[in-house]
Amino acid sequence: MGKKSRVKIQKSGSGASTVVSPKEMMNLISELLQKCSSAAPSAGKEWEEYIQIRGLVDKISKKQKGMSIVFDGSREDYFQDLLSWAQDSGASCDSFTVANFGTEGYGLQATRDIKAEELFLWIPRKMLMTVESAQNSVLGPLYSQDRILQAMGNVTLAFHLLCERADPASFWLPYIRSLPQEYDTPLYYQQEEVQVLLGTQAVQDVLSQYKNTARQYAYFYKLVQTHPAASKLPLKDGFTFDDYRWAVSSVMTRQNQIPTEDGGRIILALIPLWDMCNHTNGLITTGYNLEDDRCECVALQDYKENEQIYIFYGTRSNAEFVIHNGFFFQDNAHDRVKIKLGVSKSERLYAMKAEVLARAGIPASCIFALHCNEPPISAQLLAFLRVFCMTEEELKDYLLGDRAVNKIFTLGNSEFPVSWENEIKLWTFLETRAALLLKTYKTTSQEDCSMLEKPDLSLHARVAVQLRLAEKQILEKASASGRAKRLHFEKKLEEGAPLPRYEESDIALLENTDADAKLPIILHQLEEIEEGQEEHSHLLNGEKDVYGTEVEANGEPVHEESQEKVRKEVYSTLDSIGSSTQKGQREEANLSDSRTEDDPKENSE
């Protein structure tokens with residue numbers, strides 16, 4: 001058995017400042033809540049707001065120093081207790097142990113050879129910390145009366161975790177003691193480390209994450225101190241910002257969705273032991289067995305004795321990994337950069353374009369993605385750009401022409417161009433847009449590579465630079481791909497090559513191919529997330545921050561002056577290729593940044 005735990009409250013002698021009166025603390029909390037609840041700052045002022053919020057949080061944290069609950073010893077001291085508790089509770093623990101894998105941190109190590117697809121790990125429901133177990137705990141009375149807890153399962157889990165951590169008799173104490181004492185999520189970054197992310201697509205998420213966490217802490221601090229239903233919670237005398245940040249990060253990096261016992265609903269849960277697995281590329285290998293009422297995991301591949309056992313967290317971008325999991329995955333086959341595009345409502349052809357897009361199942365304004373691999377765009381984005389660049393005559397052909405309904409199927413299929421001119425326009429647009437987005441960064445890719453060679457770069461700053469560089473590399477590839485495609489189709493036009501035409505017999509080609517670019521657009525699930533659309537899935541280790549984080553569409557806020565400059569540069573390039581679009585019919589990208597609320601979602605398998 002591991003070292004026995006002794007829960008203790010840090011004493012003021014450890015560096016805490018003089019005792020702070022409840023009134024003084026409540027005034028600071030009220031100031032923080034007001035600051036975090038005010039209207040969103042104007043474009044370009046987000047960093048200034050972040051500095052102000054962080055200053056208030058730092059002031060509160062200094063006055064709370066020494067008040068948090070801590071455990072004796074290190075996390076590693078309690079791993080044996082975790083394994084023993086799991087085995088006693090009905091989990092399978094005979095195929096692995098917990099080990100330290102250096103830069104990857106702790107993970108599961110095989111203690112025997114394990115075959116691919118072999119069931120090697122299962123965790124019964126009673127071990128899981130869920131929204132339901134929270135309702136049946138000391139948190140229940142407050143949960144039943146607070147709408148925020150009822151609406152946000154992740155926040156409920158965070159408070160469940162804090163309440164159980166403060167209970168020396170908690171059933172989940174072996175699990176809670178084994179959790180990290182700190183995390184590498186941006187909530188733990190120093191201010192200068194966050195500053196490295198300025199100008200990246202990810203920075204708005206990071207700033208919003210901090211603001212929303214601070215707002216929730218201030219709200220719940222007041223609630224814990226004043227609400228009658230909170231009187232029995234073990235938090236009233238020691239609910240610090242550091243406590244809440246720890247609980248939020250614990251849940252954010254580990255939460256998953258499981259079915260209720262009757263299979264009728266999906267609820268959030270923490271899955272002990274299984275959440276020790278680290279990520280690699282692959283397929284989802286975890287599911288929930290309702291018959292045996294347990295979470296089950298099969299091996300992703302063959303593992304030899306003493307090798308690390310990995311699982312696949314899902315098709316996440318590195319921005320999602322950094323913000324919500326606290327790490328950068330170097331070989332991420334699913335990395336991507338979000339980009340918001342929209343047909344301007346002021347454009348003369350808006351109604352026609354919106355109608356064609358609607359028939360294809362695509363919104364007229366949508367967040368898409370530029371991918372790290374080839375092709376850089378999905379079938380959905382290809383379809384959108386084709387419609388975006390259509391002339392009036394081409395639009396009429398897809399609305400009223402022969403087989404107009406069937407032709408909608410070809411919009412996302414790379415083998416059936418609308419016209420050579422249309423292909424040239426859309427790839428020119430992509431080439432130019434990606435190149436313009438690259439100009440918004442304050443450093444070049446070469447400068448980022450040089451920074452990564454510095455040995456004194458902090459871990460968090462290194463991750464931030466890696467993320468910044470990865471975004472640029474995706475945009476560079478997208479711009480290069482757009483240029484290559486443009487040159488290809490310019491040659492087709494110059495040669496007078498016949499345009500491939502869709503025939504009824506081609507429907508088999510469209511329906512029976514695995515290539516994403518050839519899928520019928522309205523039969524293929526929309527990959528990109530429409531603005532405001534929620535995306536849900538199940539059982540994925542460490543999920544997106546669901547603490548009100550907002551998703552930034554594409555990098556730094558683009559001011560009106562910058563938007564106009566971007567538009568002019570884009571259309572100057574488009575005009576130079578001899579577009580057949582008449583004067584006054586220019587298509588306009590909606591370059592304003594879009595933000596959507598992040599909700600809990602897990603893998604879709």
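Which backbone nitrogen does the side chain of Asn289 reach at 3.0 Å?

## Asn289 and its surroundings

This structure is a predicted model. In it, the side chain of Asn289 comes to 3.0 Å from the backbone nitrogen of Glu291. Asn289 belongs to strand β10, which covers residues 286-289.

Is Asn289 buried or exposed? Asn289 counts as buried because its relative accessibility is 18%, and the limit for buried is under 20%. When neighbours within four places in sequence are left aside, Asn289 is in contact with Arg294 and Glu296.

## Salt bridges in the whole structure

Side chains of opposite charge can pair when their charged atoms come close. How many salt bridges does a search of the whole structure find? The search finds 23 salt bridges.

## Lys63 and Glu24

Lys63 and Glu24 form a salt bridge, and their closest N and O atoms are 3.2 Å apart. Lys63 sits in helix α2 (residues 46-63) and Glu24 in helix α1 (residues 22-37), so this pair ties together parts that are 39 residues apart in sequence.

## Glu132 and Arg265

A salt bridge also joins Glu132 to Arg265, with the closest N and O atoms 3.5 Å apart. This pair links distant parts of the chain, 133 residues apart. Glu132 is in helix α4 (residues 131-135), while Arg265 is in the loop between β7 (256-259) and β8 (266-270). Glu132 counts as partly exposed because its relative accessibility is 26%.

## Asp448 and Lys472

In the salt bridge between Asp448 and Lys472, the closest N and O atoms are 2.6 Å apart.

Are Asp448 and Lys472 buried or exposed? Asp448 is buried, and Lys472 is buried as well.

## A network of salt bridges

Which residues are linked with Arg348 in a network of salt bridges? The network joins Arg348 with Glu392, Glu393 and Lys396.

Notes:
Residues are numbered from 1 along each chain as its sequence is written. This is a predicted model: local features need pLDDT of at least 70, side-chain atom pairs count only at pLDDT 80 or more; totals for chains, interfaces and linings use all residues. Side-chain values use heavy atoms; hydrogens and water are left out. Helices (H or I, at least four residues) and strands (E, at least two) are DSSP runs, numbered from the N terminus. Buried means under 20% relative accessible area, exposed over 50%, partly exposed in between (1.4 Å probe, protein chains only). A polar contact is a pair of N or O atoms within 3.5 Å; within protein, one must be able to donate a hydrogen and the other to accept it, and residues adjacent in sequence count only if both atoms are side-chain atoms. Contact means heavy atoms within 4.5 Å. A salt bridge is a side-chain nitrogen of Lys or Arg within 4 Å of a carboxyl oxygen of Asp or Glu.
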